[in-house]
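Thanks for making the time this morning. I would like to walk you through one structure, so please have the sequence and the coordinates open while I talk.

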Amino acid sequence: MGRKYYRNPPIIEAVCDFRPTQDTQWDLTVPGLFYERVKDAFPHREQRVVQEFELTQGMQVLQQQIRSSERVLMFSEDRKTLIQLGPRLVVINILKPYNTWEGFKKYIEKAWSSLQEVVEVRGLERIGLRYINRIEFTTQDVNLKEYFEFYPFIGKRLPQELAFFIAGAEFPYDGGRDRCRVQLSQGIGDEGKKAIILDLDYFLARSRGVEVSAALNWVEEAHTRVEEIFEGCITDKLRAMFEEVS
Amino acid sequence: MSVIPITDVRWTKQSSSFTYGRIGVEPSLRTLAPKFTLLFTTLWQKIPEQSLSSSIEVEKLLESLQEHHVHLKNTNKIQEYLLQFPDLIDVVPHVVDAAARHFPDAQLVMDMYQDPEIEDRYLVVYVRLKRYDDSIVEKLERAEAEFLDELAYKEGWIQLTTDFQEPGEEDAL
């Protein structure tokens, strides 16, 4: 299937993350050394504290733990692209407007190579490529079936009006090494308008499932698959809204 | 189950299906709604899902504000601003919480302010009352004092003020 291009694409954010394995050495000097390598393109540096909650079900007990970790955010001049760096985590976010895959890929390659110059990545716990799409309709009354090939099915004996919905599934790829989480949910729209979020998250599900040297090849393949999945989630009626460029 | 201050939790298991859950809110919003319902029905071993997406974080924040009857105007512009200045995501709940406590009968409206003469824009939370008196300025200053320090080193800005309008048809707190 040839790649499709749209004049009015619904992407509001694309995210690529790399999570090195625990045996990758990481210390407090890493953010500073990393920033030195990317500051030309990402000059604005900020910090955020992120809370992480972990709930683990043991044999007979439920354990909960709340952890705070610091994350360094490095923004491009226009603040539309950013790199987030946390303990054994590098994330590249690109906000709307998303121009091309080639443009995004350059930032991914830059962040990944910069990280490898600073730390010896011993393995990859996870790689992820996520596309968040926001589709805004001009009315509240939208029949999802007309626009999506992935939506919650509501039987005739149930109320047909929804106050809120969320539908999701995970599809396995490459013998379960990878997965793609597809989620359709209601978003926050302007007054009188309905917004729908289509969230596609393609990720390495098996720790060390990909060699460090093959990470960027994985990302390229992930992108191809996400494109296919996106096209599989929408109808021609929705494609017309995005204005396909021939 | 008690309210837990987290950003996002995703539950998964080693198979092709998953259950999505979102639990808890920012601590400051606990005063507005002490009870939260877990959206998932089954507990699995958690695989940590840190908040990596700014747009999802912003959606969740705005969803939470709407659930607490904060009326949002120009939602797209608010989202765009918060995406550009994501460190405000942590401050917004504190602003709303402070406003709700100092003005328990007010309607809160969030909007984007754009200065017509200079390149300046910021988020604004308007307090709308049925009746206004001289005490409103002092109350606004007291509420503002609770979160002003948090804005000190932030790139974006959020202003708590009033436009002296009456509460509209939107729900009041």
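**Salt bridges, strands and cysteines**

Let me begin in chain B, where Arg128(B) and Asp163(B) form a salt bridge whose closest N and O atoms are 2.8 Å apart, a salt bridge being a side-chain nitrogen of Lys or Arg within 4 Å of a carboxyl oxygen of Asp or Glu. The pair links distant parts of the chain, since Arg128(B) sits in strand 5 of chain B and Asp163(B) in the segment after strand 6 of chain B, 35 residues apart. Arg128(B) counts as buried at 6% relative accessibility, where buried means under 20% relative accessible area, exposed over 50%, and partly exposed in between, with a 1.4 Å probe and protein chains only. When I speak of helices and strands, I mean DSSP runs numbered from the N terminus, H or I with at least four residues for helices and E with at least two for strands.

Before going further, the provenance: this is a predicted model, in which local features need pLDDT of at least 70 and side-chain atom pairs count only at pLDDT 80 or more, while totals for chains, interfaces and linings use all residues. Residues are numbered from 1 along each chain as its sequence is written, chains are lettered from A and ligands numbered from 1 in the order in which they are written, and side-chain values use heavy atoms, with hydrogens and water left out.

Staying with chain B, helix 3 (residues 92–102) has nine of its 11 residues buried, so this helix is largely enclosed by the rest of the structure. Among the buried residues are Val92(B), Pro93(B), Asp97(B) and His102(B). What covers the buried residues of helix 3 of chain B includes helix 1 (54–67), helix 2 (75–84), strand 4 (107–114) and strand 5 (121–128) of chain B, with contact taken as heavy atoms within 4.5 Å.

How many salt bridges are there over all chains? The count comes to 31. One of interest in chain A is that between Glu117(A) and Arg37(A), at 2.9 Å from N to O. Glu117(A) lies in helix 2 (residues 101–118) of chain A and Arg37(A) in helix 1 (residues 30–38) of chain A, so the pair ties together parts that are 80 residues apart in sequence. Glu117(A) counts as exposed at 51% relative accessibility, whereas Arg37(A) is partly exposed, with a relative accessible area of 32%.

Turning to the strands of chain A, strand 2 (residues 11–20) is mostly covered, with 10 of its 10 residues buried. Strand 2 of chain A pairs with strand 7 of chain A in the antiparallel sense over nine bridges, pairing requiring that DSSP finds at least two bridges between the strands, and Val15(A) has Arg130(A) as its bridge partner in strand 7 of chain A. Strand 2 of chain A also pairs with strand 6 (residues 89–95) of chain A, again antiparallel, over six bridges, with Glu13(A) opposite Leu95(A).

Strand 9 (residues 178–187) of chain A is likewise mostly covered, 10 of its 10 residues being buried. Eight bridges join strand 9 of chain A to strand 8 (residues 166–173) of chain A in an antiparallel run, and these two strands form a hairpin with four residues between them, where Asp174(A) in the turn has a positive phi of about 50°. With strand 10 of chain A, strand 9 of chain A pairs antiparallel over 10 bridges, in a hairpin with six residues between the strands and a positive phi of about 80° at Gly192(A) in the turn.

Finally, the cysteines. A search of the whole structure finds zero disulfides over all chains, a disulfide being a pair of cysteine sulfur atoms within 2.5 Å. The sulfur of Cys180(A) is 7.9 Å from the closest cysteine sulfur, in Cys233(A), which is too far for a bond. Cys180(A) counts as buried at 0% relative accessibility, and Cys16(A) is buried too, with a relative accessible area of 0%.
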